[in-house]
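Student: I would like to learn how to read a protein model. Could we go through one together?

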Amino acid sequence: MIASTDVARAVEALRGGGLVALPTETVYGLAADATQPAAVERIFEVKGRPTHHPLIVHVGDIGGLAACASTVPDTAARLVAEFWPGPLTVIVPRGDIDPLVAGGHDTIGVRMPAHPLATAVLDRLGRPVAAPSANRFGAVSPTTARHVLDELGSLLDTERDVVLDGGPCRVGIESTIVDCTVDPPQILRAGAVTADQIDTALDVTHDPVSGAARASGMLPSHYAPEATVELALDRASADAAVRAAQRVGHRVALLDRSDDLDAYAHELYSDLRRFDRDGCELIVAVVPAQTGIGAAIGDRLRKAAGPRPRPTA
Ligand code: TXA
Ligand code: MG
């Protein structure tokens with residue numbers, strides 16, 4: 001399978017019930033026409049994702065939100081007016097969207113991505129698409145078409161599916177998720193739209209990310225590379241951890257872009273994938289300052305370092 005830049009072909013694939021790896025400004029999504037249940041089912045199969053994990057619906061304009069929701073809470077309307085198109089998903093009461101897309105939940109996550117190819121596909125298709133990140137369940141998200149091909153290429157169908165190449169994703173980590181079905185709205189996943197920005201837009205003080213694991217990004221282990229990830233609070237302790245691991249013969253990599261948070265986010269998943277390719281056993285990662293997108297980077301690093309489920313036979 002090879003990547004393509006042909007938007008018309010991607011739209012045809014979606015109409016025909018195929019899957020499209022769709023570039024967005026956050027990460028690549030694995031998209032299907034949300035109105036075709038058989039196509040949506042294939043997303044779960046290809047990802048190896050449990051079917052009770054809800055997918056995010058992607059829309060081409062702000063009006064698309066009302067089409068997916070039974071009602072649009074005022075808080076959701078304010079957030080999307082401020083941050084769409086962009087790296088923000090709002091959870092709203094589910095309207096005319098197949099329950100399969102929502103993992104059986106009565107709520108639905110909706111986002112309008114800001115990437116010219118995603119916009120072109122959504123405009124031409126004229127329907128919402130369901131799209132989780134285009135990786136196997138639990139693995140790190142793809143931020144280039146190459147990542148998608150490496151991970152899912154053998155699982156996609158060359159005849160029916162398309163990997164659309166929109167270059168490296170600008171942000172590099174997944175959207176901020178805000179549950180607008182509760183009052184005050186709850187941030188379920190940190191992202192490039194920060195808690196402070198959300199507070200300002202809503203004129204509230206946000207609840208920290210907490211509560212039951214309702215977003216898979218809230219599970220203790222997620223976004224995980226093959227290598228073990230160890231966190232360090234500063235560069236000096238990271239360097240010491242690297243030296244200690246080297247002394248006992250481990251293949252170890254240092255991850256620290258904490259002097260440039262945008263670059264840290266942009267390169268994070270590429271870095272983790274590269275370390276795996278190089279056969280590293282241990283990645284020592286410096287947790288950056290928890291300001292701006294640093295909070296989301298810290299969140300992903302903690303998930304990558306979280307306890308892994310035991311392999312099942
Ligand atoms: O940036 C992004 O959000 C990317 C791009 C492709 O748009 N998508 C993405 O999708 O990260 P996914 O499926 O990998 O992660 C979506 C998260 C999951 O943790 C899921 O549980 C949560 O959103 N989610 C979706 N719908 C939800 C709902 N109705 N209630 C609670 N959580 C929901
Ligand atoms: Mg994901």
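**Reading contacts, cores and helices**

Tutor: Begin with one residue and its surroundings. Leaving aside neighbours within four places in sequence, Val90 is in contact with Leu65, Ala76, Leu79, Val80, Trp84, Ile108, Gly109, Val110, Val178 and Cys180. Contact here means heavy atoms within 4.5 Å. This is a predicted model, in which local features need pLDDT of at least 70 and side-chain atom pairs count only at pLDDT 80 or more, while totals for chains, interfaces and linings use all residues. Residues are numbered from 1 along each chain as its sequence is written, chains are lettered from A and ligands numbered from 1 in the order in which they are written, and side-chain values use heavy atoms, with hydrogens and water left out.

Student: Which residues touch the most other members of the largest nonpolar core?

Tutor: A nonpolar core is a set of buried Ala, Val, Leu, Ile, Met, Phe, Trp, Tyr and Cys residues joined through side-chain atoms within 4.5 Å. Buried means under 20% relative accessible area, exposed means over 50%, and partly exposed lies in between (1.4 Å probe, protein chains only). The largest core has 47 residues, and Leu79, Trp84, Leu88, Val90 and Val101 touch the most other members. Elements that each supply at least two residues of this core include strand 3 (29-33), helix 2 (37-47), helix 4 (74-83), strand 5 (88-93) and helix 7 (195-202). Helix 2 gives the largest share, 5 residues. Helices (H or I, at least four residues) and strands (E, at least two) are DSSP runs, numbered from the N terminus. There is also a second, separate core of 25 residues, which includes Ala227, Ala253, Leu268 and Leu272.

Student: What span should helix 10 have?

Tutor: The expected span of a helix is 1.5 Å times one less than its number of residues. For the 12 residues of helix 10 (residues 294-305) that gives 16 Å, and the end C-alpha atoms are 16 Å apart, which agrees.

Student: At what angle do helix 9 and helix 10 cross?

Tutor: Axes are lines fitted to C-alpha atoms, for helices over the stretch in contact, and angles run from 0 to 180 degrees between N-to-C directions. The axes of helix 9 and helix 10 come within 9 Å and cross at roughly 30°. A crossing is left-handed if the near helix is turned anticlockwise from the far one by less than a right angle, and right-handed if clockwise. This crossing is left-handed. Leu261, Tyr264, Ala265, Leu268 and Tyr269 of helix 9 meet Gly294, Ile297, Arg300 and Leu301 of helix 10. The residues of this contact divide into 7 nonpolar, 1 polar and 1 charged. In that count Ala, Val, Leu, Ile, Met, Phe, Trp, Tyr, Cys and Pro are nonpolar, Asp, Glu, Lys and Arg are charged, and the others, Gly among them, are polar.

Student: What is the angle between helix 4 and helix 7?

Tutor: Helix 4 and helix 7 pack at about 120°, with their axes 9 Å apart. Their crossing is right-handed. Thr75, Arg78, Leu79, Glu82 and Phe83 of helix 4 make the contact with Gln197, Ile198, Ala201 and Leu202 of helix 7. Here the residues divide into 5 nonpolar, 2 polar and 2 charged.

Student: Is Ala13 buried or exposed?

Tutor: Compare its accessibility with the cut-offs. Ala13, in helix 1, counts as buried at 9% relative accessibility. Leaving out residues up to four places away in sequence, Ala13 touches Gly18, Val20, Arg160 and Val162. Arg9 is also found in helix 1 (residues 7-15), and at 41% relative accessibility Arg9 counts as partly exposed. Glu45 lies in helix 2 and is exposed, at 57%.
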